[in-house]
Amino acid sequence: MTPLFILGSIRSGTTLLQSLLDGHPELLVDAGESRFFHRAFPRLRFRSRERRAAIAERHLLHMFEPGSSYYSSFLQH
């Protein structure tokens with residue numbers, strides 16, 4: 001299974017989209033705030049588009065690796 005990450009800024013409809021997707025029985029939807037834009041985005045500012053995509057992918061996948069603090073808190077919800 002290939003993960004799909006959908007990111008959005010605050011007050012842009014992300015809660016509504018999250019609720020709609022979470023209603024699907026075959027999807028696992030993260031209900032938490034990843035703070036991705038606060039953690040990773042500043043490091044991406046002056047990188048090429050390809051490099052930004054690679055860094056973002058690595059950061060997001062790392063969040064859901066077993067043993068990471070984000071993953072552990074995700075399982076508790």
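Serine 68 touches His62 and Met63, residues up to four places away in sequence not being counted; a contact here requires heavy atoms within 4.5 Å. The structure is a predicted model, in which local features need pLDDT of at least 70 and side-chain atom pairs count only at pLDDT 80 or more, whereas totals for chains, interfaces and linings use all residues. Numbering starts from 1 along each chain as its sequence is written, and side-chain values use heavy atoms, with hydrogens and water left out. Serine 68 is placed in the loop between helix 4 (49-63) and helix 5 (69-76). Serine 68 counts as buried because its relative accessibility is 11%, the classes being buried under 20% relative accessible area, exposed over 50% and partly exposed in between (1.4 Å probe, protein chains only).

The protein chain contains five helices and zero strands, and its elements follow the order α-α-α-α-α from the N terminus. Helices (H or I, at least four residues) and strands (E, at least two) are DSSP runs, numbered from the N terminus. Of the 77 residues in the protein chain, 17% are buried. Among contacts with a separation of 6 or more, 42% are accounted for by residues 24 or more positions apart.

Leucine 44 belongs to helix 3 (residues 41-44) and counts as buried because its relative accessibility is 4%. The C-alpha atoms of leucine 44 and isoleucine 55 are 7.6 Å apart in space, and the two residues are 11 positions apart in sequence.

The protein chain exposes about 6600 Å², of which 56% is supplied by carbon and sulfur atoms; accessible areas come from the Shrake-Rupley method with a 1.4 Å probe, and for residues only the protein chains shown count as cover. Patches consist of residues with over 30% relative accessible area and no salt bridge, like charges being joined within 9 Å and nonpolar side chains (Val, Leu, Ile, Met, Phe, Trp, Tyr) within 5 Å. A salt bridge is a side-chain nitrogen of Lys or Arg within 4 Å of a carboxyl oxygen of Asp or Glu.

A nonpolar surface patch is formed by Leu4, Ile6 and Leu17, which together have about 310 Å² of accessible area. Leucine 4 lies in the segment before helix 1 (14-22) and counts as exposed because its relative accessibility is 69%. Arg43, Arg47, Arg51 and Arg58 form a positive surface patch. Arginine 51 is located in helix 4 and, at 37% relative accessibility, counts as partly exposed.

Conventions:
Lys, Arg positive; Asp, Glu negative; His and termini not counted. Charge placed at Lys NZ, Arg CZ, Asp CG, Glu CD.
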